[in-house]
Amino acid sequence: MNRAVPARRDYYRVLAECLPKEALTVTALGNASYLWAVVRDAPENFYFEDAMGLALPFALGLAVAQPERKVVVVEGDGGLLMHMGVLVSVGAVAPRNLAILLVQNGVHAASGGQPVTSPSLDLAALGRCVNLKRADNIQSTEEFRTALVSVLQEDGPSLLALATEPDVDVVAPPVVFDPVATKRRFMDAIGAQGYVPTMFGGGVLADS
Amino acid sequence: MRVAGDWRGRILAEAAAATTHRPSELLAALKRVGVRVVVSVPDSWLGEFLVEIGRDPAVSLIRATHEEEALAIACGARLGGARSVLMIQNVGLLTMGAGMVCLAQRYQFPILILASYRGSPEDPVFYHIPKGRVTEPVLQGLGLGFALVRPERPIGSQVERAATYAEEASLPFVLLLSREDVHW
């Protein structure tokens with residue numbers, strides 16, 4: 001891996017500067033979530049604490065349910081390799097509001113830095129062959145800023161593969177990663193329908 | 001468990017099947033409970049049913065590549081406020097274990113899972129039997145709520161109750177379907 005490439009934190013700073021308030025983010029386990037909570041904690045963030053490889057399919061479902069809001073998912077190359085089929089699903093469903101940021105550091109950072117099965121895949125090429133609207137490999141924060149601004153304005157689905165160095169030191173998140181609290185905070189923030197228990201005259205989904 | 005010797009249930013089931021089209025009832029029940037997203041991985045029993053769902057503009061049908069992926073898609077849709085259902089073969093219940101415990105159960109997503117019950121005593125196909133033998137023990141091991149559809153009762157109300165169970169428990173719930181329930 002080229003050591004001159006930006007760190008994850010550098011990319012995150014650009015993302016925080018460019019991301020509109022109404023955008024929704026889903027971040028994979030480990031530093032993908034911990035560092036994002038440091039840089040820009042917000043109720044519209046959904047943090048994965050585990051479930052490796054499932055952040056992207058989860059974001060696909062969210063994008064389908066919330067078609068008017070941009071959904072940005074941060075997944076790693078190792079996580080993508082665990083469920084690469086989901087890229088095909090994204091291409092088939094083609095949600096115009098989904099933007100995929102793939103952090104390509106060549107290792108399983110969250111488990112100590114073991115190399116991924118194939119560290120140097122052309123991830124943008126993968127994105128193009130499953131019919132994503134746009135897929136680019138990114139090597140610098142300047143490139144990232146330019147591409148991100150376009151991605152946030154244009155219809156997707158899009159994929160930006162962010163070349164970076166491994167960050168195996170665990171970042172301490174500034175907030176408690178309580179799974180259910182994370183979910184409820186997120187749903188409240190976007191006004192997602194919640195369930196009214198039958199006992200209280202509901203039994204249906206209702207606006208929260 | 002329905003077994004071959006349960007003659008009373010079989011007679012009632014046959015009588016009910018003669019007068020109703022259970023897959024139509026099932027589809028109507030999904031609409032009644034407000035399902036907006038159906039995520040599926042195919043099974044031969046489900047094929048035509050999924051084609052019918054795909055014709056409905058009120059429901060988004062997402063054909064996933066793997067059942068664990070499908071579960072995550074359904075959870076994401078539910079986070080966004082859409083009631084979502086998984087339609088899979090029971091083998092998918094064996095392949096989605098990590099996502100079930102680390103995502104769906106951990107974050108308490110109420111997902112209704114409709115699974116064709118292949119390899120059960122009523123579907124003694126040699127290559128399905130290995131899956132059928134372990135399906136219920138695996139569900140019990142995962143701590144998942146589940147039920148077998150009762151053939152002598154209308155399926156619509158059973159689907160509604162299963163969906164309600166999932167919501168009220170804030171957890172996934174599995175309804176195991178027989179061929180008559182879902183094969184269009």
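This is a predicted model: local features need pLDDT of at least 70, side-chain atom pairs count only at pLDDT 80 or more; totals for chains, interfaces and linings use all residues.
**View 1. The open sheet of chain B has six strands.**
The strand order in chain B is 2-1-3-4-6-5, and the pairing is parallel. Strand 2 (60-63) and strand 5 of chain B form the edges, each pairing on one side only. On average, and with direction ignored, neighbouring strands are turned by 20 degrees against each other. Strands of a sheet pair through backbone hydrogen bonds, either parallel or antiparallel.

**View 2. Strand 4 of chain B pairs with strand 3 and with strand 6 of chain B.**
Five bridges in the parallel sense join strand 3 (residues 83-89) of chain B to strand 4 of chain B. B:Q89 stands opposite B:S116, a residue of strand 4. Strand 4 (residues 112-116) of chain B also has five bridges, again parallel, to strand 6 of chain B. There, B:L112 has B:F173 as its bridge partner.

**View 3. Strand 6 of chain B is largely enclosed by the rest of the structure.**
Five of the five residues of this strand (residues 173-177) are buried, so strand 6 of chain B is largely enclosed. Both of its faces are covered: B:F173, B:L175 and B:L177 lie on one side, with B:V174 and B:L176 on the other.

**View 4. A right-handed β-α-β unit in chain B ends in strand 6.**
The unit consists of strand 5, helix 8 (residues 155-169) and strand 6 of chain B. Strand 5 (residues 145-148) and strand 6 of chain B pair in the parallel sense over four bridges. In this pairing, the bridge partner of B:A147 is B:L175.

The buried residues of helix 2 (residues 22-32) of chain B are B:R22, B:P23, B:L26, B:L27, B:A29 and B:L30. Just after helix 2 of chain B, B:G34 takes a positive phi of about 85 degrees.

**View 5. Chain A and chain B are in contact, with helix 3 of chain A giving the most residues on the chain A side.**
The contact takes 33 residues from chain A and 32 residues from chain B. On the chain A side, two or more residues each come from helix 3 (55-65), helix 5 (85-93), helix 8 (179-190) and strand 10 (204-206) of chain A. Helix 3 of chain A gives eight residues. By class, the chain A side has 23 nonpolar, eight polar and two charged residues. Helix 3 of chain A lies across strand 1 (35-40), strand 2 and strand 3 of chain B, and runs at about 150 degrees to strand 1 of chain B.

Terms used: Residues are numbered from 1 along each chain as its sequence is written. Chains are lettered from A and ligands numbered from 1 in the order in which they are written. A residue is buried if 20 or more other C-beta atoms lie within 10 Å of its own, exposed if 12 or fewer, and partly exposed in between; C-beta atoms are placed from the backbone. Two strands pair if DSSP finds at least two bridges between them. A crossover is right-handed if, with the strands pointing away from the viewer, the path from the first strand over the helix to the second runs clockwise. Two residues are in contact if their C-beta atoms, placed from the backbone, lie within 7 Å. Ala, Val, Leu, Ile, Met, Phe, Trp, Tyr, Cys and Pro count as nonpolar, Asp, Glu, Lys and Arg as charged, and the others, Gly among them, as polar. Axes are lines fitted to C-alpha atoms, for helices over the stretch in contact, and angles run from 0 to 180 degrees between N-to-C directions.
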